[in-house]
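Trainee: I would like a close look at one part of this model. Please keep the answer connected and brisk.

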Amino acid sequence: MRRRMAAGNWKMNGLRADLAEIAAIAALRPDCEMVLCPPATLIAPAAAALGAGGAALALGGQDCAARASGAHTGDISAEMLADAGASHVILGHSERRADHGEGDKLVAAKVAAAWEAGLVAIVCIGETEAERAAGRTLSVLAGQLARSIPDHARAGHLGVAYEPVWAIGSGRTPSPQEVQDVHAALRQGIETRFGADVAAAVRLLYGGSVKPENAAGLMSLPDVDGALVGGASLRAESFAAIVAAIDAA
Ligand code: PGA
């Protein structure tokens, strides 16, 4: 009942010269839902370039403001993302939590703003290496999950990405069993709070050094519904291999 999702996060990479790479990704015709989150400057040109033929590729932002509009220099509202052609937005990524001091409460406000604008929010949570070493992974994640998602969650507008901070960009990942254990616990937490229907329908993505080489093992886990991919989404060829692993799972 859950349609799998392949989401790419280009982070602060990508110029108009890279629109051809986005077109190559859009030319894939997977069974799973495919979302690419380029830098905000590329959303409108990508949407224009994709046109009607881009239906297989949804576009997303990497952040949005918690407020709807007003005197907030440099911020981009959820409505602006939607207006540019985005249908999704990544929120609470650990790089924003670290670089901009974003806490769970702010993330929850941004999620509410995204929903208000009709966007699907992909909410990122993850433990640090020190928290993992201290055996606190599940409790840290449970707290982030509880505080980063507003009360009125609906499965269709929410994805959760488990991204261990130490796995992002490092080439290291948890073992498949560890990922499955975490995802099962997250789904249980979502069920307790939002009910069985939401828990059964919400997509739980794994992110952090997903590559063509490890995608099959991670994507075949029962509670993994797709991937949030950073570095390996920058090239259509490597992203396509991950998308294929998601489809095959
Ligand atoms: P990575 O990034 O795939 O390059 O590790 C994932 C992410 O930060 O979303």
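Trainee: By relative accessibility, does Cys 37 count as buried or exposed?

Mentor: Keep in mind that this is a predicted model. Cys 37 counts as buried, because its relative accessibility is 0% and the cut-off for buried is under 20%. Now look at its bonding. A disulfide is a covalent bond between the sulfur atoms of two cysteines. The cut-off here is a pair of cysteine sulfur atoms within 2.5 Å. By this rule the model has zero disulfides. Take Cys 32. Its closest cysteine sulfur belongs to Cys 37 and is 14 Å away, so the gap is too far for a bond. Cys 32 is buried too, because its relative accessible area is 3% and falls under 20%. Cys 37 has its own nearest cysteine sulfur in Cys 124, 9.1 Å away, and is in no disulfide.

Then turn to the ligand. The residues around the ligand include Asn 9, Lys 11, His 93 and Glu 163. Also among them are Gly 169, Ser 209, Leu 228 and Val 229. By type, this shell divides into seven polar, three nonpolar and two charged residues. His 93 places a polar side-chain atom 2.7 Å from a ligand oxygen. Gly 169 uses its backbone: an N or O atom there lies 2.7 Å from an oxygen atom of the ligand. Ser 209 has a polar backbone atom 2.7 Å from a ligand oxygen. On its own, the ligand has 280 Å² of accessible area, and the protein covers 97% of that.

Methods. Residues numbered from 1 in each chain as written. Predicted model: local features only at pLDDT ≥ 70, side-chain atom pairs only at ≥ 80, totals over all residues. Heavy atoms only, no water. Near = heavy atom within 4 Å. Polar contact = N/O pair within 3.5 Å; in protein donor to acceptor, adjacent residues only side chain to side chain. Areas by Shrake-Rupley, 256 points an atom, 1.4 Å probe, with all protein chains shown as cover. Nonpolar A, V, L, I, M, F, W, Y, C, P; charged D, E, K, R; others polar. Buried < 20%, exposed > 50% of the residue type's maximum accessible area, 1.4 Å probe, protein only.
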